[in-house]
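Here is a short briefing to read alongside the model. Keep the viewer open and follow the topics one by one.

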Amino acid sequence: MTLDTENDWNVKRRLILRDALTFLSLALITAALFAVTLFLFHSFAEHRHELAQRWAARGQAAVVSGHPDQAIVALRTALSYTPGERSYELLLAQALGDAGHAEESYNYFLGLWETQPGDGFINLRLARLAANKNDMQAAINYYRAAIYGTWEGDEIVRRRDLRLELSRYLIAHHDLSSARSELLIAGGNAPDDVGLALTLAQLLERASAPYDALNYYQKVLAREPNNQQPLEAAGRLEYGFGNFEEAHRLLERARHEHDVIAPNQALSPGMQEILDTSKQVLSVAPSTTLPAKERVTRILKARDLAKKRFDSCNAQVSAAGGVPSPLQKLDARWMGKEATINRAALLNDLGEQDAVMRLVYGTETQTSKACGAPAGDDALLLMLAKSSERVEP
(Lines give C-alpha, C1' and ligand atoms only; values in the text may rest on other atoms or scores of the structure.)
Protein backbone atom coordinates (compact mmCIF):
# COMPACT_ATOMS: atom_id res chain seq x y z
CA MET A 1 0.00 0.00 0.00
CA THR A 2 2.80 2.37 0.86
CA LEU A 3 4.64 1.50 -2.34
CA ASP A 4 1.57 2.22 -4.50
CA THR A 5 1.05 5.56 -2.84
CA GLU A 6 4.67 6.54 -3.46
CA ASN A 7 4.41 5.54 -7.15
CA ASP A 8 1.26 7.64 -7.61
CA TRP A 9 3.02 10.64 -6.06
CA ASN A 10 6.01 10.23 -8.38
CA VAL A 11 3.71 10.05 -11.40
CA LYS A 12 1.86 13.19 -10.32
CA ARG A 13 5.16 15.03 -9.71
CA ARG A 14 6.43 14.12 -13.17
CA LEU A 15 3.19 15.31 -14.72
CA ILE A 16 3.35 18.60 -12.84
CA LEU A 17 6.97 19.09 -13.83
CA ARG A 18 6.21 18.29 -17.47
CA ASP A 19 3.27 20.70 -17.51
CA ALA A 20 5.37 23.41 -15.89
CA LEU A 21 8.11 22.92 -18.45
CA THR A 22 5.56 22.97 -21.23
CA PHE A 23 4.00 26.19 -19.91
CA LEU A 24 7.41 27.76 -19.48
CA SER A 25 8.36 26.76 -23.01
CA LEU A 26 5.15 28.21 -24.41
CA ALA A 27 5.65 31.39 -22.39
CA LEU A 28 9.20 31.77 -23.63
CA ILE A 29 8.13 31.10 -27.22
CA THR A 30 5.29 33.64 -26.86
CA ALA A 31 7.66 36.21 -25.37
CA ALA A 32 10.14 35.60 -28.16
CA LEU A 33 7.44 35.95 -30.80
CA PHE A 34 6.18 39.14 -29.12
CA ALA A 35 9.69 40.54 -29.03
CA VAL A 36 10.22 39.70 -32.68
CA THR A 37 6.84 41.17 -33.63
CA LEU A 38 7.51 44.32 -31.60
CA PHE A 39 10.92 44.65 -33.16
CA LEU A 40 9.50 44.23 -36.64
CA PHE A 41 6.72 46.72 -35.88
CA HIS A 42 9.15 49.32 -34.58
CA SER A 43 11.47 48.69 -37.50
CA PHE A 44 8.58 49.11 -39.93
CA ALA A 45 7.31 52.24 -38.16
CA GLU A 46 10.78 53.72 -38.05
CA HIS A 47 11.27 52.89 -41.70
CA ARG A 48 7.99 54.62 -42.57
CA HIS A 49 9.08 57.62 -40.50
CA GLU A 50 12.42 57.75 -42.30
CA LEU A 51 10.70 57.49 -45.67
CA ALA A 52 8.32 60.30 -44.68
CA GLN A 53 11.21 62.52 -43.63
CA ARG A 54 13.05 61.73 -46.84
CA TRP A 55 10.07 62.59 -49.05
CA ALA A 56 9.27 65.68 -46.98
CA ALA A 57 12.84 66.91 -47.37
CA ARG A 58 12.54 66.47 -51.14
CA GLY A 59 9.26 68.37 -51.09
CA GLN A 60 10.70 71.23 -49.07
CA ALA A 61 13.71 71.46 -51.39
CA ALA A 62 11.39 71.54 -54.39
CA VAL A 63 9.33 74.36 -52.83
CA VAL A 64 12.46 76.39 -52.12
CA SER A 65 13.87 75.82 -55.62
CA GLY A 66 10.62 76.85 -57.28
CA HIS A 67 9.34 73.44 -58.42
CA PRO A 68 5.97 73.23 -56.64
CA ASP A 69 4.60 70.43 -58.85
CA GLN A 70 7.45 68.15 -57.77
CA ALA A 71 6.92 69.26 -54.18
CA ILE A 72 3.23 68.24 -54.30
CA VAL A 73 4.10 64.67 -55.32
CA ALA A 74 6.83 64.38 -52.69
CA LEU A 75 4.75 65.83 -49.87
CA ARG A 76 1.72 63.68 -50.64
CA THR A 77 4.01 60.66 -50.53
CA ALA A 78 5.39 61.83 -47.18
CA LEU A 79 1.86 62.20 -45.81
CA SER A 80 0.99 58.67 -46.97
CA TYR A 81 3.66 57.43 -44.55
CA THR A 82 2.77 59.79 -41.69
CA PRO A 83 -0.84 60.96 -42.12
CA GLY A 84 -1.77 64.16 -40.30
CA GLU A 85 1.79 65.48 -39.89
CA ARG A 86 1.03 69.22 -39.64
CA SER A 87 4.34 70.51 -40.93
CA TYR A 88 3.97 68.40 -44.09
CA GLU A 89 0.38 69.54 -44.54
CA LEU A 90 1.45 73.19 -44.33
CA LEU A 91 4.13 72.63 -46.95
CA LEU A 92 1.69 70.82 -49.22
CA ALA A 93 -0.88 73.62 -48.93
CA GLN A 94 1.87 76.12 -49.79
CA ALA A 95 3.07 74.04 -52.76
CA LEU A 96 -0.49 73.78 -54.10
CA GLY A 97 -0.78 77.56 -54.05
CA ASP A 98 2.64 78.05 -55.65
CA ALA A 99 1.69 75.59 -58.40
CA GLY A 100 -1.41 77.58 -59.28
CA HIS A 101 -3.96 75.30 -57.64
CA ALA A 102 -5.42 78.28 -55.82
CA GLU A 103 -8.79 76.85 -54.87
CA GLU A 104 -7.34 73.57 -53.59
CA SER A 105 -4.67 75.43 -51.66
CA TYR A 106 -7.26 77.82 -50.19
CA ASN A 107 -9.44 74.94 -49.00
CA TYR A 108 -6.42 73.08 -47.60
CA PHE A 109 -5.29 76.13 -45.62
CA LEU A 110 -8.86 76.75 -44.52
CA GLY A 111 -8.98 73.25 -43.04
CA LEU A 112 -5.74 73.91 -41.20
CA TRP A 113 -7.04 77.31 -40.06
CA GLU A 114 -10.06 75.68 -38.39
CA THR A 115 -7.76 73.91 -35.93
CA GLN A 116 -5.37 76.88 -35.51
CA PRO A 117 -7.17 80.15 -36.33
CA GLY A 118 -4.47 82.21 -34.62
CA ASP A 119 -1.56 80.87 -36.69
CA GLY A 120 0.12 83.82 -38.44
CA PHE A 121 1.51 81.83 -41.39
CA ILE A 122 -1.82 80.20 -42.21
CA ASN A 123 -3.65 83.54 -42.07
CA LEU A 124 -1.03 85.14 -44.30
CA ARG A 125 -1.37 82.43 -46.96
CA LEU A 126 -5.16 82.73 -46.80
CA ALA A 127 -4.84 86.52 -47.17
CA ARG A 128 -2.73 86.19 -50.31
CA LEU A 129 -5.00 83.54 -51.79
CA ALA A 130 -8.09 85.65 -51.04
CA ALA A 131 -6.37 88.62 -52.69
CA ASN A 132 -5.74 86.52 -55.80
CA LYS A 133 -9.45 85.61 -55.80
CA ASN A 134 -10.31 89.35 -55.64
CA ASP A 135 -12.06 88.83 -52.30
CA MET A 136 -10.86 92.11 -50.83
CA GLN A 137 -12.65 91.99 -47.49
CA ALA A 138 -11.54 88.42 -46.78
CA ALA A 139 -7.97 89.32 -47.75
CA ILE A 140 -7.94 92.31 -45.38
CA ASN A 141 -9.43 90.24 -42.55
CA TYR A 142 -6.84 87.48 -42.97
CA TYR A 143 -4.01 90.02 -43.26
CA ARG A 144 -5.02 91.59 -39.97
CA ALA A 145 -5.40 88.15 -38.37
CA ALA A 146 -1.87 87.35 -39.59
CA ILE A 147 -0.54 90.60 -38.11
CA TYR A 148 -1.92 89.75 -34.69
CA GLY A 149 -1.34 86.00 -35.03
CA THR A 150 1.40 83.84 -33.55
CA TRP A 151 4.74 83.59 -35.33
CA GLU A 152 8.00 81.81 -34.80
CA GLY A 153 10.99 84.11 -34.52
CA ASP A 154 10.88 87.92 -34.33
CA GLU A 155 7.15 88.70 -34.22
CA ILE A 156 7.72 92.47 -34.24
CA VAL A 157 9.58 92.38 -37.56
CA ARG A 158 7.04 90.01 -39.10
CA ARG A 159 4.12 92.18 -38.05
CA ARG A 160 5.77 95.31 -39.41
CA ASP A 161 6.50 93.60 -42.74
CA LEU A 162 2.90 92.38 -42.90
CA ARG A 163 1.59 95.90 -42.30
CA LEU A 164 3.72 97.09 -45.22
CA GLU A 165 2.35 94.28 -47.40
CA LEU A 166 -1.21 95.07 -46.35
CA SER A 167 -0.67 98.78 -47.02
CA ARG A 168 0.54 98.00 -50.56
CA TYR A 169 -2.57 95.90 -51.10
CA LEU A 170 -4.82 98.69 -49.80
CA ILE A 171 -3.07 101.27 -52.00
CA ALA A 172 -3.54 99.03 -55.04
CA HIS A 173 -7.27 98.91 -54.22
CA HIS A 174 -7.53 102.66 -53.57
CA ASP A 175 -8.27 102.42 -49.84
CA LEU A 176 -5.74 105.15 -49.15
CA SER A 177 -6.99 106.19 -45.72
CA SER A 178 -6.64 102.64 -44.34
CA ALA A 179 -3.25 102.29 -46.01
CA ARG A 180 -2.05 105.50 -44.33
CA SER A 181 -3.20 104.21 -40.93
CA GLU A 182 -1.35 100.91 -41.38
CA LEU A 183 1.82 102.72 -42.48
CA LEU A 184 1.78 105.11 -39.55
CA ILE A 185 1.36 102.19 -37.13
CA ALA A 186 4.24 100.37 -38.82
CA GLY A 187 6.36 103.51 -38.62
CA GLY A 188 5.51 104.06 -34.97
CA ASN A 189 6.84 100.62 -34.06
CA ALA A 190 9.86 100.82 -36.36
CA PRO A 191 13.51 101.15 -35.40
CA ASP A 192 15.62 104.08 -36.56
CA ASP A 193 16.43 102.48 -39.91
CA VAL A 194 17.14 104.50 -43.06
CA GLY A 195 15.93 101.87 -45.51
CA LEU A 196 12.66 101.37 -43.66
CA ALA A 197 12.07 105.13 -43.32
CA LEU A 198 12.59 105.54 -47.07
CA THR A 199 10.14 102.71 -47.80
CA LEU A 200 7.54 104.25 -45.49
CA ALA A 201 8.00 107.65 -47.13
CA GLN A 202 7.48 106.24 -50.62
CA LEU A 203 4.41 104.25 -49.58
CA LEU A 204 2.91 107.24 -47.76
CA GLU A 205 3.30 109.27 -50.95
CA ARG A 206 1.41 106.58 -52.85
CA ALA A 207 -1.25 106.65 -50.10
CA SER A 208 -1.79 110.39 -50.75
CA ALA A 209 -0.28 111.37 -47.42
CA PRO A 210 2.40 113.83 -48.61
CA TYR A 211 3.00 115.56 -45.28
CA ASP A 212 3.57 112.21 -43.55
CA ALA A 213 5.82 111.17 -46.43
CA LEU A 214 7.87 114.36 -46.11
CA ASN A 215 8.32 113.65 -42.40
CA TYR A 216 9.93 110.30 -43.20
CA TYR A 217 12.07 111.75 -46.00
CA GLN A 218 13.36 114.26 -43.45
CA LYS A 219 14.18 111.39 -41.08
CA VAL A 220 16.29 109.81 -43.80
CA LEU A 221 18.04 113.10 -44.51
CA ALA A 222 18.78 113.57 -40.81
CA ARG A 223 20.83 110.36 -41.01
CA GLU A 224 22.06 110.66 -44.60
CA PRO A 225 22.00 114.36 -45.59
CA ASN A 226 23.61 113.72 -48.96
CA ASN A 227 21.27 110.95 -50.11
CA GLN A 228 20.07 112.08 -53.55
CA GLN A 229 16.82 110.08 -53.61
CA PRO A 230 15.19 111.61 -50.49
CA LEU A 231 16.61 115.04 -51.40
CA GLU A 232 14.77 114.92 -54.73
CA ALA A 233 11.59 113.49 -53.20
CA ALA A 234 11.50 116.00 -50.34
CA GLY A 235 12.20 118.86 -52.76
CA ARG A 236 9.37 117.73 -55.01
CA LEU A 237 6.95 117.57 -52.08
CA GLU A 238 8.00 120.97 -50.74
CA TYR A 239 7.45 122.38 -54.24
CA GLY A 240 3.97 120.86 -54.26
CA PHE A 241 3.24 122.47 -50.89
CA GLY A 242 4.31 125.86 -52.27
CA ASN A 243 7.45 126.03 -50.13
CA PHE A 244 9.53 127.13 -53.07
CA GLU A 245 12.56 128.32 -51.14
CA GLU A 246 12.96 125.00 -49.29
CA ALA A 247 12.21 123.09 -52.48
CA HIS A 248 14.94 124.94 -54.33
CA ARG A 249 17.43 124.40 -51.51
CA LEU A 250 16.79 120.65 -51.43
CA LEU A 251 16.86 120.26 -55.19
CA GLU A 252 20.10 122.21 -55.48
CA ARG A 253 21.64 119.77 -53.00
CA ALA A 254 20.19 116.86 -54.98
CA ARG A 255 21.73 118.26 -58.16
CA HIS A 256 25.09 118.61 -56.45
CA GLU A 257 24.99 114.97 -55.32
CA HIS A 258 23.87 113.94 -58.79
CA ASP A 259 26.80 115.78 -60.37
CA VAL A 260 29.19 114.00 -57.99
CA ILE A 261 27.79 110.56 -58.83
CA ALA A 262 27.06 111.06 -62.54
CA PRO A 263 28.77 114.26 -63.73
CA ASN A 264 28.02 113.60 -67.40
CA GLN A 265 24.36 112.77 -66.94
CA ALA A 266 21.59 115.36 -66.77
CA LEU A 267 18.94 115.48 -64.07
CA SER A 268 15.62 113.89 -64.94
CA PRO A 269 13.48 116.33 -66.97
CA GLY A 270 10.87 116.54 -64.21
CA MET A 271 13.38 117.44 -61.51
CA GLN A 272 15.14 119.96 -63.73
CA GLU A 273 11.83 121.65 -64.54
CA ILE A 274 10.88 121.90 -60.86
CA LEU A 275 14.33 123.28 -60.02
CA ASP A 276 14.12 125.92 -62.78
CA THR A 277 10.55 126.92 -61.92
CA SER A 278 11.28 127.23 -58.20
CA LYS A 279 14.19 129.50 -59.06
CA GLN A 280 11.92 131.68 -61.21
CA VAL A 281 9.27 131.86 -58.48
CA LEU A 282 11.88 132.91 -55.93
CA SER A 283 13.05 135.65 -58.30
CA VAL A 284 9.66 137.39 -58.09
CA ALA A 285 8.62 136.43 -54.54
CA PRO A 286 8.60 139.34 -52.05
CA SER A 287 10.19 137.30 -49.30
CA THR A 288 10.29 138.80 -45.82
CA THR A 289 13.97 137.86 -45.66
CA LEU A 290 14.84 140.36 -48.42
CA PRO A 291 16.13 143.85 -47.65
CA ALA A 292 13.20 146.26 -47.27
CA LYS A 293 13.94 148.22 -50.46
CA GLU A 294 14.24 145.11 -52.61
CA ARG A 295 11.06 143.64 -51.13
CA VAL A 296 9.09 146.80 -51.87
CA THR A 297 10.49 146.88 -55.41
CA ARG A 298 9.18 143.35 -55.98
CA ILE A 299 5.81 144.22 -54.45
CA LEU A 300 5.38 147.22 -56.75
CA LYS A 301 6.42 145.17 -59.78
CA ALA A 302 3.94 142.45 -58.82
CA ARG A 303 1.20 145.07 -58.41
CA ASP A 304 1.90 146.45 -61.88
CA LEU A 305 1.73 142.97 -63.39
CA ALA A 306 -1.47 142.14 -61.55
CA LYS A 307 -3.11 145.42 -62.65
CA LYS A 308 -2.30 144.76 -66.31
CA ARG A 309 -3.62 141.22 -65.91
CA PHE A 310 -6.84 142.53 -64.34
CA ASP A 311 -7.38 145.20 -67.03
CA SER A 312 -6.81 142.66 -69.80
CA CYS A 313 -9.11 140.06 -68.28
CA ASN A 314 -11.76 142.63 -67.44
CA ALA A 315 -11.79 143.86 -71.01
CA GLN A 316 -11.96 140.31 -72.34
CA VAL A 317 -14.89 139.39 -70.12
CA SER A 318 -16.70 142.67 -70.81
CA ALA A 319 -16.40 142.08 -74.55
CA ALA A 320 -17.95 138.65 -74.09
CA GLY A 321 -20.92 140.26 -72.32
CA GLY A 322 -21.07 140.97 -68.61
CA VAL A 323 -18.52 141.03 -65.83
CA PRO A 324 -18.63 138.28 -63.17
CA SER A 325 -19.15 139.47 -59.62
CA PRO A 326 -15.61 138.41 -58.47
CA LEU A 327 -14.14 140.80 -61.04
CA GLN A 328 -16.56 143.51 -59.95
CA LYS A 329 -15.30 143.14 -56.39
CA LEU A 330 -11.72 143.25 -57.68
CA ASP A 331 -12.53 146.43 -59.60
CA ALA A 332 -13.59 148.04 -56.33
CA ARG A 333 -10.42 146.85 -54.60
CA TRP A 334 -8.31 148.37 -57.38
CA MET A 335 -9.82 151.70 -56.46
CA GLY A 336 -8.61 151.36 -52.88
CA LYS A 337 -5.50 152.44 -51.02
CA GLU A 338 -3.41 149.31 -51.70
CA ALA A 339 -3.70 150.02 -55.44
CA THR A 340 -2.20 153.50 -55.17
CA ILE A 341 0.09 153.56 -52.13
CA ASN A 342 3.60 154.70 -53.08
CA ARG A 343 7.06 153.30 -52.38
CA ALA A 344 7.87 155.63 -49.47
CA ALA A 345 4.68 154.72 -47.62
CA LEU A 346 5.22 150.99 -48.25
CA LEU A 347 8.78 151.08 -46.92
CA ASN A 348 7.54 152.09 -43.52
CA ASP A 349 4.44 149.89 -43.31
CA LEU A 350 4.66 146.07 -43.31
CA GLY A 351 0.89 145.83 -42.97
CA GLU A 352 0.36 147.76 -46.20
CA GLN A 353 2.96 145.61 -47.93
CA ASP A 354 0.94 142.53 -47.03
CA ALA A 355 -2.29 144.26 -48.09
CA VAL A 356 -0.85 145.00 -51.55
CA MET A 357 0.23 141.38 -51.96
CA ARG A 358 -3.25 140.19 -50.96
CA LEU A 359 -4.62 142.35 -53.75
CA VAL A 360 -2.07 140.91 -56.18
CA TYR A 361 -2.79 137.31 -55.18
CA GLY A 362 -6.54 137.85 -55.24
CA THR A 363 -6.29 139.34 -58.71
CA GLU A 364 -4.21 136.49 -60.10
CA THR A 365 -6.55 133.91 -58.56
CA GLN A 366 -9.82 135.46 -59.79
CA THR A 367 -8.55 136.31 -63.27
CA SER A 368 -7.28 132.75 -63.74
CA LYS A 369 -10.83 131.55 -63.05
CA ALA A 370 -12.44 134.10 -65.35
CA CYS A 371 -9.90 134.18 -68.17
CA GLY A 372 -7.89 130.99 -67.92
CA ALA A 373 -4.36 130.20 -66.81
CA PRO A 374 -1.87 133.06 -67.10
CA ALA A 375 1.64 132.90 -68.54
CA GLY A 376 5.04 134.37 -67.69
CA ASP A 377 5.45 136.21 -64.41
CA ASP A 378 1.68 136.19 -63.87
CA ALA A 379 1.84 132.40 -63.72
CA LEU A 380 4.59 132.67 -61.11
CA LEU A 381 2.50 135.09 -59.07
CA LEU A 382 -0.46 132.70 -59.29
CA MET A 383 1.73 129.93 -57.88
CA LEU A 384 2.66 132.20 -54.97
CA ALA A 385 -1.03 133.04 -54.48
CA LYS A 386 -1.96 129.36 -54.25
CA SER A 387 0.96 128.79 -51.90
CA SER A 388 -0.29 131.54 -49.58
CA GLU A 389 -3.71 129.83 -49.38
CA ARG A 390 -2.36 126.43 -48.36
CA VAL A 391 -2.62 125.39 -44.74
CA GLU A 392 -0.68 122.33 -43.59
CA PRO A 393 -3.00 119.75 -41.97
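Which helices do the buried residues of H6 pack against? They pack against helix H4 (102-115), helix H5 (120-132), helix H7 (155-172) and helix H8 (176-188), where contact means heavy atoms within 4.5 Å. This is a predicted model, in which local features need pLDDT of at least 70 and side-chain atom pairs count only at pLDDT 80 or more, while totals for chains, interfaces and linings use all residues. Residues are numbered from 1 along each chain as its sequence is written, and side-chain values use heavy atoms, with hydrogens and water left out.

**Helix H6**
- Helices are DSSP runs of H or I with at least four residues, numbered from the N terminus.
- The buried residues of H6 are Ala138, Ala139, Ile140, Tyr142, Tyr143, Ala146 and Ile147; buried means under 20% relative accessible area, exposed over 50% and partly exposed in between, with a 1.4 Å probe and protein chains only.
- The 12 residues of H6 (residues 136-147) should span 16 Å at 1.5 Å a residue, and the end C-alpha atoms are 16 Å apart, which agrees; the expected span is 1.5 Å times one less than the number of residues.

**Aromatic pairs**
- Rings of Phe, Tyr and Trp (its six-membered ring) pair if their centres lie within 6.5 Å, and planes under 30 degrees apart count as stacked, over 60 as edge-to-face and the rest as tilted.
- By this rule there are six aromatic pairs.
- Phe109 and Phe121 are edge-to-face, because their ring centres are 6.2 Å apart and their planes stand at 65 degrees.
- This pair links Phe109 in helix H4 with Phe121 in helix H5, 12 residues apart.
- Phe109 is buried at 0% relative accessibility, whereas Phe121 is partly exposed at 26%.
- Trp113 and Tyr142 are also edge-to-face, with 6.4 Å centre to centre and 85 degrees between the planes.
- Trp113 lies in helix H4 and Tyr142 in helix H6, so the pair ties together parts 29 residues apart in sequence.

**Nonpolar cores**
- A nonpolar core is a set of buried Ala, Val, Leu, Ile, Met, Phe, Trp, Tyr and Cys residues joined through side-chain atoms within 4.5 Å.
- The largest has 52 residues, and Phe109 and Tyr217 are among those with the most contacts inside it.
- Helix H9 (residues 194-206) gives the largest share of this core, eight residues.
- A second, separate core of 35 residues includes Ala306 and Leu359.

**Disulfide**
- The whole structure holds one disulfide, defined as a pair of cysteine sulfur atoms within 2.5 Å.
- Cys313 and Cys371 form it, with sulfur atoms 1.9 Å apart, and both are buried.

Terms used
Helices (H or I, at least four residues) and strands (E, at least two) are DSSP runs, numbered from the N terminus.
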